[in-house]
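Please read this briefing alongside the sequence and the three-dimensional model.

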Amino acid sequence: MQPTNRSSRILLPVKLWFVYLSLIVALGLEYIPSGRVPGIPDWVALVLAIWCVREPLRIGMGVGFVFGLLVDVGQGAAMGQHALAYVVLAYVANGAARRVLWFPLLQQAIHMLPLFLLTQVLMLVVRILAGAEFPGWSYFLSSLSSALLWAPLSILLMLPQYRPVDRDDNRPI
């Protein structure tokens, strides 16, 4: 019998309360005042993208819109800036979910990098249309850090689904 790795196991269904709890924690991380430090990931976009890829029938554009408005309000951004970007992110991530899940986590991160860049470009366009100045090219480091965090955060968010329904003292997980 060949040993199986964790990625080939069948996962338990995700609990919807856990999805929303992870999004609320990401929203809390987004509210932490960090100034203009480049490279800090957009936590809500990252967690939203993970759940849109993993659960495309349960998490989508409506959730992206609501959490986008909450980020707009919390950060004092132009109203609708994050909402628009998150709706587009959710739409594209839902559409790409079946294709992206065929790849290992590191290749998934490479596939998601353009989506994170698209999200930031949309937010930047709205900001510039509202009268803001171009923040510089370091603004786009957030997309790179989000892509780098894709694999570890995906593993962390999937851990509750690896638990067996019935506990067995002889089973390692």
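Helices (H or I, at least four residues) and strands (E, at least two) are taken as DSSP runs and numbered from the N terminus. This is a predicted model, in which local features need pLDDT of at least 70 and side-chain atom pairs count only at pLDDT 80 or more, while totals for chains, interfaces and linings use all residues. Residues are numbered from 1 along each chain as its sequence is written, and side-chain values use heavy atoms, with hydrogens and water left out.

**Overall make-up**

- The chain has seven helices and zero strands, so that read from the N terminus its elements run α-α-α-α-α-α-α.
- Of its 173 residues, 39% count as buried, where buried means under 20% relative accessible area, exposed over 50% and partly exposed in between, with a 1.4 Å probe and protein chains only.
- Contact means heavy atoms within 4.5 Å, and among the contacts in the chain with a separation of 6 or more, 69% are between residues 24 or more positions apart.

**Nonpolar cores**

- A nonpolar core is a set of buried Ala, Val, Leu, Ile, Met, Phe, Trp, Tyr and Cys residues joined through side-chain atoms within 4.5 Å.
- The largest such core holds 36 residues, of which L23, L48, W51, M112 and W150 touch the most other members.
- Two or more residues of this core come from each of helix 1 (16-31), helix 2 (43-54), helix 3 (61-75), helix 4 (81-100), helix 5 (105-129) and helix 7 (150-158), and helix 2 gives the most, with ten residues.
- Residues up to four places away in sequence not being counted, M112 touches A49, V53, A93, V100 and W150.
- A second, separate core has six residues, including A85, M123, Y139 and F140.

**Helix 7**

- The buried residues of helix 7 are W150, A151, L153, S154, L157 and M158, and what covers them includes helix 1, helix 2, helix 5 and helix 6 (141-148).

**Helix 4 against helix 5**

- The axes of helix 4 and helix 5 come within 9 Å and cross at roughly 160 degrees; axes are lines fitted to C-alpha atoms, for helices over the stretch in contact, and angles run from 0 to 180 degrees between N-to-C directions.
- That angle makes helix 4 roughly antiparallel to helix 5, since angles under 35 degrees count as roughly parallel, over 145 as roughly antiparallel, 65 to 115 as roughly perpendicular and the rest as oblique.
- The residues of this contact divide into 14 nonpolar, five polar and one charged, with Ala, Val, Leu, Ile, Met, Phe, Trp, Tyr, Cys and Pro counted as nonpolar, Asp, Glu, Lys and Arg as charged, and the others, Gly among them, as polar.

**Helix 5 against helix 6**

- The axes of helix 5 and helix 6 come within 8 Å and cross at roughly 150 degrees, and the two helices are therefore roughly antiparallel to each other.
- In this pair, A109, L113, F116, L117 and Q120 of helix 5 meet S142, S143, L144, S146 and A147 of helix 6, and by class the contact has six nonpolar, four polar and no charged residues.

**S146**

- S146 lies in helix 6 and counts as buried because its relative accessibility is 3%.
- Leaving aside neighbours within four places in sequence, S146 is in contact with P41, D42, L46 and F116.
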